[in-house]
Amino acid sequence: MSKETEKQRWQRNFADLLQELRVAQTGVQILFAFLLTLPFSNGFTRTTTFQKDVYIVSLLSAAAATAMIISPVAFHRALFRQGRKPELVRYAHRMATGGLAFMLISMVSAVLLITDFVLNRPMALVLTGLAAVWFLTFWLILPFSRRNWGDGDIDDEDEVLPGD
């Protein structure tokens with residue numbers, strides 16, 4: 001089997017990153033759409049000031065996540081056919097990471113909003129804390145604790161992205 005060139009590796013890294021962004025983009029867009037419609041529902045008038053503040057945090061962080069997760073598309077358009085794939089991959093990696101962070105904030109605050117609306121505040125805080133730990137476990141703790149999985153099996157082809 002022949003080794004891939006550096007250009008091929010950057011192209012593969014970009015294709016892999018785009019697949020990841022497609023998954024994240026769908027999730028954040030569904031959440032954002034839900035949040036955009038929420039104030040127009042009948043029950044929204046019964047929300048407290050605290051719930052409205054949590055709603056604003058969730059909405060704005062979903063908007064930030066959407067912008068960051070979609071931004072590599074605009075960046076790709078601006079750099080199309082300029083031979084700047086390494087720069088594009090590094091940028092897209094940073095935007096995906098930031099977008100996931102904002103998505104985490106939005107999802108956890110949406111959980112807080114809804115649980116606070118239907119349950120008492122202490123229970124809402126407990127459930128939201130558990131949801132936050134759950135997300136952090138799967139989005140941060142496990143991935144970083146497993147970064148060295150199979151180190152003995154890694155080929156030169158599986159080099160880590162710059163900035164990882």
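These legends go with close-up views of a predicted model.

**View A. The largest nonpolar core has 12 residues in all.** Here you'll find Leu-31, Leu-35, Leu-38, Phe-44, Val-54, Tyr-55, Leu-59, Ala-62, Ala-110, Leu-112, Leu-113 and Ala-124. Helix α2 gives the largest share, with four residues.

**View B. Another core, of nine residues, lies apart from the largest one.** Among its members are Leu-21, Ile-69, Ala-92 and Ala-96.

**View C. Phe-44 and its contacts.** Leaving aside residues up to four places away in sequence, Phe-44 touches Leu-38, Pro-39, Lys-52 and Tyr-55. Is Phe-44 buried or exposed? Its relative accessibility is 13%, so it counts as buried, the cut-off being under 20%. Tyr-55 is buried too, with a relative accessible area of 6%.

**View D. Phe-44 and Tyr-55 form an edge-to-face pair.** The model has three aromatic pairs, and here's a look at one of them. To describe a pair of aromatic rings, you give the distance of the centres and the angle of the planes. For Phe-44 and Tyr-55, the centres are 5.2 Å apart and the planes sit at 70°; edge-to-face takes an angle over 60 degrees, so that's the label this pair gets. Phe-44 is in the loop between α1 and α2, while Tyr-55 is in helix α2, so the pair ties together parts 11 residues apart in sequence.

**View E. Arg-121 lies over the face of Phe-50.** How far is Arg-121 from the ring centre of Phe-50? The distance is 3.9 Å.

Note on methods:
Residues are numbered from 1 along each chain as its sequence is written. This is a predicted model: local features need pLDDT of at least 70, side-chain atom pairs count only at pLDDT 80 or more; totals for chains, interfaces and linings use all residues. Side-chain values use heavy atoms; hydrogens and water are left out. A nonpolar core is a set of buried Ala, Val, Leu, Ile, Met, Phe, Trp, Tyr and Cys residues joined through side-chain atoms within 4.5 Å. Buried means under 20% relative accessible area, exposed over 50%, partly exposed in between (1.4 Å probe, protein chains only). Helices (H or I, at least four residues) and strands (E, at least two) are DSSP runs, numbered from the N terminus. Contact means heavy atoms within 4.5 Å. Rings of Phe, Tyr and Trp (its six-membered ring) pair if their centres lie within 6.5 Å; planes under 30 degrees apart count as stacked, over 60 as edge-to-face and the rest as tilted. A charge sits over a ring if NZ of Lys or CZ of Arg is within 6 Å of the ring centre and within 35 degrees of the ring normal.
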